[in-house]
Amino acid sequence: MDKEIPYDFTIQSLGACTIPSPINVSYFTPDTKRILFNIYLDQNADGDTLPQGVPGIPLSLEVAGPREKIFFDPSKTKAAIVTCGGLCPGINDVIRSLVMELYHRYGVRNTIGIRYGFQGLIPKFRHPTVELTPDMVKDVNTIGGSILSSSRGRQDIGEMTDALKRMNTDLLFCVGGDGTMRATECITKEITRRGLNIGVIGVPKTIDNDLNLIQKTFGFDTAISESVKALQCAHVEARGAPNGIGLVKIMGRQSGHIAAGAALAQTDVNFVLIPEVPFDLEGENGFLKAVERRLQQSSHCVILVAEGAGQEHIRQEGQRLETDASGNPRLLDIGIFLKAKIEEYFSKIGKEINLKYIDPSYTIRSVPANASDSMYCGALGQYAVHAGMAGKTGMLVGLMKDEYVHIPLKVISSGTMVDPGGNIWMRVLEATGQPPSMKND
């Protein structure tokens with residue numbers, strides 16, 4: 001039986017590149033330059049091959065960078081940029097990088113912004129487009145959010161494609177998370193079906209850092225930095241009173257990457273609760289008893305909980321699971337729930353506590369990117385423009401194994417979680433000293 005190939009990393013192209021690149025650089029990246037998908041020797045020993053079935057060639061990805069020949073004539077190219085989904089530090093940095101690269105490096109003079117996400121491509125919403133120039137975007141990296149605004153929810157793929165054709169768009173840059181990337185893939189398919197020469201390039205955005213294959217998504221570093229500030233405040237509050245407890249809730253709908261990263265960056269945290277690691281509230285090995293032991297030992301405690309943790313304790317049996325406009329489950333508030341349960345538990349055992357609850361989630365989402373994320377966003381924008389001008393389509397630019405690469409949209413999905421048996425979580429347990437398990441079984 002033939003060995004199953006896990007991914008097809010073939011990058012779709014609009015056609016032959018015949019126009020000399022206007023970029024004045026001493027190097028260009030050929031399409032033949034690729035990185036190995038599996039970096040460990042034993043993973044390549046079985047002879048993984050390219051999807052095309054070339055024997056003896058390990059599975060690999062196309063490296064991003066400027067091409068010597070490009071597909072689009074810059075003097076006649078019209079580009080559009082859209083930002084979708086929730087806000088995240090660094091969106092404006094990406095917009096700025098895209099505009100600056102198109103204008104100054106390639107000479108593209110016609111770039112527009114689509115307002116309010118994919119709604120901006122649907123006529124009934126009547127959202128006007130905005131002209132994006134270097135003067136307009138030169139300082140937007142200093143502010144949070146998105147200067148184009150955003151929205152959630154599904155829109156009609158045919159209507160969006162109609163709008164791109166009507167506006168004579170050549171290149172569409174989509175900044176968003178897994179839902180946005182799925183919609184972007186559908187737009188690409190419809191464009192291909194119609195035989196249109198419109199390139200579609202994605203820039204992955206999810207503050208939770210939970211996209212598969214992508215080493216790091218922008219906004220993640222900033223989220224950790226801002227979470228650390230909240231944890232420092234929680235620690236001060238906890239130490240400032242007898243039996244003080246600082247409880248902090250941060251983002252992490254399905255994964256605890258931010259919580260784990262923040263706990264490793266600020267090692268005053270004593271408990272980290274994440275969606276990937278279930279816990280019991282009651283019982284001798286449960287969370288509440290563990291908190292009691294911690295207070296007996298040190299008279300204060302800092303707890304960090306990701307928003308998706310412990311949902312099974314809050315949701316009533318038979319309670320309907322609601323979703324938002326993007327189809328994401330609406331989470332119940334684990335922070336408020338834990339605060340009430342902790343206070344109730346210690347009241348029952350007659351022990352006075354001083355609990356301070358901090359929820360900085362929306363503050364974190366809305367701040368400008370820090371220096372690390374700003375650099376990363378700048379690179380993503382530049383590499384996205386290189387790919388788009390070279391006629392690449394149906395792909396996104398991402399960081400993998402410290403290389404910027406081209407990844408087909410069809411292989412990207414969310415749900416990359418913290419491995420409870422992996423190195424990161426083991427380091428969290430070592431840093432916090434919390435029990436390896438808070439389950440009674």
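**Notes on the predicted model**

1. Leaving aside residues up to four places away in sequence, K78 touches N110, I112, M167, N168, T169, D170 and L171; contact here means heavy atoms within 4.5 Å. K78 belongs to strand β6, residues 78–83. Helices (H or I, at least four residues) and strands (E, at least two) are DSSP runs, numbered from the N terminus.

2. Lys and Arg count as positive and Asp and Glu as negative, while His and the chain ends are not counted. A salt bridge is a side-chain nitrogen of Lys or Arg within 4 Å of a carboxyl oxygen of Asp or Glu.

3. On the basis of these notes: this is a predicted model, in which local features need pLDDT of at least 70 and side-chain atom pairs count only at pLDDT 80 or more, while totals for chains, interfaces and linings use all residues. Residues are numbered from 1 along each chain as its sequence is written, and side-chain values use heavy atoms, with hydrogens and water left out.

4. The chain has 13 helices and 17 strands. Along the principal axes, the C-alpha atoms fill a box of roughly 80 × 55 × 45 Å.

5. Of the 441 residues, 55% count as buried. Among contacts in the chain with a separation of 6 or more, 79% come from residues 24 or more positions apart. The accessible surface is about 19,500 Å², and carbon and sulfur atoms hold 48% of that surface; such areas come from the Shrake-Rupley method with a 1.4 Å probe, and for residues only the protein chains shown count as cover.

6. The chain carries 45 positive and 49 negative charges, and their mean positions are 5 Å apart. The place of a charge is taken as NZ of Lys, CZ of Arg, CG of Asp or CD of Glu.

7. How many salt bridges does a search of the whole structure find? The search finds 22. One of them joins D221 and K216, with the closest N and O atoms 2.9 Å apart, and both of these residues are buried. R293 and E284 also form a salt bridge, again with closest N and O atoms 2.9 Å apart. Here R293 is partly exposed at 35% relative accessible area, and E284 is partly exposed at 49%.

8. E344 and K348 meet in a salt bridge at 3.3 Å, N to O. Because they are 4 residues apart in helix α10 (residues 334–348), about one helical turn separates them. E344 is partly exposed at 36%, whereas K348 is exposed at 66%. Elsewhere, salt bridges that share partners join D31, E62, R67 and K392 into one network.

9. M426 lies in helix α13, residues 423–432. M426 counts as partly exposed, at 33% relative accessibility. Apart from residues up to four places away in sequence, M426 touches P420 and G421.

Terms used. Buried means under 20% relative accessible area, exposed over 50%, partly exposed in between (1.4 Å probe, protein chains only).
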